[in-house]
Amino acid sequence: MHRRTGRSGPIPMNAPTPTDGPRPPGPHDAVDRECMTRALAAAATVRCATSPNPWVGAVVRTPDGRMFHGATEAPGGAHAEIVALRQAGDQARGATLYVTLEPCAHTGRTGPCTQAIIDAGISRVVVGIEDPDPQVTGRGLDQLRAAGIDVTLGVQADHVAGQLTAYLTHRRTGRPYVVLKLAATLDGGTAAPNGTSQWITCPEARADGHRLRAESDAILVGAGTIRRDDPSLTVRDYRPPVMPAGGSVDPLRVVLGAVDDHARVQPCYSTSGDLGDVLDDLGSKGILQLLVEGGAKVAGEFHRAGLVDRYVIYTAPALFGGDDARGLFGGNGAWDISEVRRGRFVAVERVGTDLRLEMVPDHTGAGTDGPGVEAGSAGGS
């Protein structure tokens, strides 16, 4: 069974939009950076456990330097600030609270964190970034300041925004953050001419791919991949530090096209239509991060539509050595060098014997290379 259907990522993600800008140096800078780094580390442990909420970390630091850590609990549980405050108890009075994301000031599944911070007697709050959620943005900071609490915003902002990119993208666009995962030889082949492809990458790279699945709310493939390979699309080779309350990190499995009732991917969500509409639909279900796994036709459609936020390409030290191997993308690519879609590498890491390359595209002009792509046509992927 899938972990989340209606909702809310490592890959450390780069922020899609800039932060408020650099802060002027202050007397607390070194301590602030250290404590926010600890809060980031706490948040990373619950990356796969907080849906539909963002994965947030917090630290309470007392005047004499003692520290109490917290991270967001499962939905319905306490937010990171509350966990840290509970750890600190009476020692929170006069202390500084560090939290990666702006504390909420509204009542949802839980009460407002801002009131708990005020009641605990916290004297200073250091926040990584504002929360773009319309229910929160700016209100939490304003309420804390109105209560006489010293508020500092922007410490480790780039790192926090990177960690929360999927959440921030969803709140700003209504769509999931789209990660396209690919695996290829050094000369760009994804399968031999006879269709065989298991395995191009090493076991460590495949396990790392399962980490991507665990960190994603949904995984998407074409119906052709289901007919050809009959994959289960579950998480088997990765276990996060903190498991979700339900005990499963399997994402919602999304298939473009019709699926046989007896396919291993069942139960799944079958859909079709314009890919932008598909993303809008998944966003409305609370899918923050969508992992697109294939095949080549689906990858090409998402790429040409300008809908990929991050490319993750596992490259093996192997060569097909010809021009008849299957490539990363199906369909027609750029006709002229001026039409090549460019971006920037944000991570290059060795994984076992392979390399993991991560590229964030330049979205200038993205989506201008034709009308919407029909997802239902992806059956041959």
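This is a predicted model: local features need pLDDT of at least 70, side-chain atom pairs count only at pLDDT 80 or more; totals for chains, interfaces and linings use all residues.
Local features need pLDDT of at least 70 and side-chain atom pairs 80 or more, while totals for chains, interfaces and linings use all residues. Residues are numbered from 1 along each chain as its sequence is written, and side-chain values use heavy atoms, with hydrogens and water left out.

Strand β4 (residues 124-129) runs parallel to β5, and four bridges join the two.

On to helix α9, residues 275-284 (helices are DSSP runs of H or I, at least four residues). Here Leu275, Gly276, Val278, Leu279, Leu282 and Gly283 are buried, meaning under 20% relative accessible area with a 1.4 Å probe, protein chains only. Seen down the axis of α9, these buried residues fall within an arc of 155 degrees (taken from the directions from the helix axis to the C-beta atoms), so they line one face of the helix. Just after α9, Gly286 has a positive phi of about 85 degrees.

Finally, the rings. Arg47 lies over the face of Trp55, 3.8 Å from the ring centre; a charge counts as over a ring if NZ of Lys or CZ of Arg is within 6 Å of the centre and within 35 degrees of the ring normal.

Definitions and conventions. Two strands pair if DSSP finds at least two bridges between them. Buried means under 20% relative accessible area, exposed over 50%, partly exposed in between (1.4 Å probe, protein chains only).
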